[in-house]
Amino acid sequence: MKEDNCLHAALICLVMLYYSHAITTEKLNHTRPSLHGHHEKGKEGQVLHRSKRGWVWNQFFVIEEYTGPDPVLVGRLHSDIDSGDGNIKYILSGEGAGIIFVIDDKSGNIHATKTLDREERAQYTLTAQAVDRNTNRPLEPPSEFIVKVQDINDNPPEFLHENYHANVPERSNVGTSVIQVTASDADDPTYGNSAKLVYSILEGQPYFSVEAQTGIIRTALPNMDREAKEEYHVVIQAKDMGGHMGGLSGTTKVTITLTDVNDNPPKFPQSVYQMSVSEAAVPGEEVGRVKAKDPDIGENGLVAYSIIDGDGMDMFEITTDYETQEGVVKLKKLLDFETKKSYSLKVEAANVHIDPKFISNGPFKDTVTVKISVEDADEPPVFLKPSYVFEVQENAASGTVVGKVHAKDPDAANSAIRYSIDRHTDLERYFVINAEDGNIKTIKALDREEIAWHNISVFAVEVHKQHQEAKVPVAIKVIDVNDNAPKFAAAYEAFVCENARSNQQFITISADDKDESANGPRFIFSLPPEIIHNPNFTLRDNRDNTASVLVRREGFSRQKQDLYLLPIVISDGGLPPMSSTNTLTIRVCGCDSNGSLLSCNAEAYILNAGLSTGALIAILACIVILLVIVVLFVTLKRQKKEPLIVFEEEDVRENIITYDDEGGGEEDTEAFDIATLQNPDGINGFIPRKDIKPEYQYMPRPGLRPAPNSVDVDDFINTRIQEADNDPTAPPYDSIQIYGYEGRGSVAGSLSSLESATTDSDLDYDYLQNWGPRFKKLADLYGSKDTFDDDS
């Protein structure tokens, strides 16, 4: 309220000063002599000419936001040629002339008729002119002047943002810059103090302060702790008039958040943790969790856990759960209640990231004692070995002992154990185990060549607690015995040429033995003693587990013998060795001079002067094909010689159709419009038939008689044409569809017989013989008429 009264008083003072200034100016204008167009005599009779004077005025000002009842007097324009008799007329033009600014055309007084706002427009440029009132003749040249809008303090300061957000680290030193806020004032900064701003803090002391001239907010208290208070709300005021009384002001809110620094070490909430774990737990199983509290957040609150001492360092380990910031104690090795019942650990929690600025607040770590007790568990039996491997010879007698497994109860009760074989691993039941002592025996003969290894599983179960069982794998290797004789490595079949030379090698053989290498190679090849002196073939052992078969004599004959069987004895290197006799089949074949195989069949040799069976079959097949072709050709020739005209007794009208289109067959012929095929030269002629049935009945004309059924198709067609031409009741769709016109420009004219019915003379078709092969059929058909007539 006081500010408004002061503002009104200031406005009134300014208006009074302005009016007094205007009155003084007007007096000066009236008292100032006009020299325009006047002469004065100087000393010694000289006439002095004074220079022409123009307009007389001071610089014009008008106060903005004036709300008085009368228009504001801006100023007065006066010309020195104005004698006050009213003959001069003042004219005002330019920006706002006649709307905002009006002029008294007699006195030259200018008034502002509207309230002006400097923030909208600071000045106006106008043009004044003095003219003769009667003739409108310019008395003075136009002259421009400026009316300035004088500023008043009518705009409060405004901040760029209504709300500001800023961050500053906790524990910052006093005077640390937080943020700068800026306000602006729409008033004229060059006039008075209307736009001179001063910043002050209304809320937020004593934590923060603001610089009065710049608006920079700074910390005002040391060691502000985020963990105690994280967010502060500060209100900043900007006031114009240099902050003096009567100035306008504006405010803004600033939210300041303290960011975290690592200024707090982790702390365990208790000094000892108690945990327990069953001796049946497996490595990796979680035992328990510990947590050191750190009020810092983010990476400043990250904690890493480690075991630094204790008798359980080898049995347990600790990892860090970074989601919950807990230390997870896990089992590292198997426990045994009967061996050790409790363990102790010393666990340390330390910050991952340490700020050197606050190292004096350390140490940034803490320790705690973790005591772990082992709980007794009813454990299953335990085998003395994790797996067993035994050996037994193949073909061993039933009941042979393979090996022995042993398990015991780890509990203090030490219950009795019973053993059994998992029959899913011994489906053929090769083995049996003694339930009391764990001895494994065979119950049938084993064959290494069938199964070299038997992998079975043995169960151990406590007698009084059937649910407590253990399982162990047992691998039984079958030891090889030389019980397989060597044999040919493949089904050999040899070929020898009739013209083979003596000592010529024609095949190399090798052997195979199912026994292991100790009872297999080296193989020894030989011929049986009874044919050691075989006259045809001999054998050579190559001493590399192969043997070569050679020809012993020259020349063989397929006619005499085309097949030989050669027994070969193969012995292995086992103890004792085993041998077998294998038969090699040798065929006698015909070869060329280079030894290349030609044929091994005996009949081929006999028929070498004639044709082979394949050649005879090919010849017979060709003969059959030729016969089939001849029969087909004769059949087609007979079909072509059938008569072109059918002489059965039938209505020809139902059959004479055209085949010059690829249409829809019978439906197209029935719907065919014969009118489109008429001779265009005679299209204007009379067409008696229509597609409607006439009202009168057709009576046969005298002299017309039915056509006789004869083989003379020409007469039959002529008769039918005459009936159709003279029958007005016959619709055109009654199937006599014949071309009546064969086109223009043909040297032969029309071939149709429709027009021939009106002439009595017979046509001569001999010229058809000269038309070439395409008309041969037609020439034969019509050219034979004379022959028929002569015969008759």
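User: How many disulfides does the model have?
Analyst: The count comes to two disulfides in this predicted structure. One joins Cys 497 to Cys 591, and another joins Cys 589 to Cys 600.

User: What is a disulfide, in general?
Analyst: It is a covalent bond between the sulfur atoms of two cysteines.

User: Take Cys 497 and Cys 591, then. What is the S to S distance?
Analyst: The sulfur atoms of Cys 497 and Cys 591 are 2.0 Å apart. The torsion about their S-S bond is about -80°, so this disulfide is left-handed.

User: Where do Cys 497 and Cys 591 lie?
Analyst: Cys 497 belongs to strand E38 (residues 493-497) and Cys 591 to strand E44 (residues 579-591), so the pair ties together parts that are 94 residues apart in sequence.

User: Is Cys 497 buried or exposed?
Analyst: Cys 497 has a relative accessibility of 15%, so it counts as buried; the cut-off for buried is under 20%. Cys 591 is also at 15% and counts as buried.

User: And the link of Cys 589 and Cys 600, is it left-handed or right-handed?
Analyst: The link of Cys 589 and Cys 600 is right-handed, with 100° about the S-S bond. Its S to S distance is 1.7 Å.

User: Which parts does the pair of Cys 589 and Cys 600 tie together?
Analyst: Cys 589 lies in strand E44, whereas Cys 600 lies in the loop between strand E45 (597-599) and helix H2 (602-606), so the pair ties together parts that are 11 residues apart in sequence. Cys 589 is buried, at 0% relative accessibility, and Cys 600 is buried with a relative accessible area of 19%.

User: What pattern do the disulfides follow?
Analyst: Counting bonded cysteines along the chain, the pattern is 1-3, 2-4.

User: New topic. How many residues are in the largest nonpolar core?
Analyst: The largest nonpolar core has 26 residues. Those with the most contacts inside this core are Val 290, Tyr 305, Phe 316, Val 347, Val 370 and Ile 372. Elements giving two or more residues to the core include strand E21 (272-278), strand E24 (316-321) and strand E27 (365-375).

User: Which residues is Phe 316 in contact with?
Analyst: Leaving aside neighbours within four places in sequence, the contacts of Phe 316 include Val 277, Val 287, Ile 307, Leu 345 and Ile 372.

Definitions and conventions: Residues are numbered from 1 along each chain as its sequence is written. This is a predicted model: local features need pLDDT of at least 70, side-chain atom pairs count only at pLDDT 80 or more; totals for chains, interfaces and linings use all residues. Side-chain values use heavy atoms; hydrogens and water are left out. A nonpolar core is a set of buried Ala, Val, Leu, Ile, Met, Phe, Trp, Tyr and Cys residues joined through side-chain atoms within 4.5 Å. Buried means under 20% relative accessible area, exposed over 50%, partly exposed in between (1.4 Å probe, protein chains only). Helices (H or I, at least four residues) and strands (E, at least two) are DSSP runs, numbered from the N terminus. Contact means heavy atoms within 4.5 Å. A disulfide is a pair of cysteine sulfur atoms within 2.5 Å.
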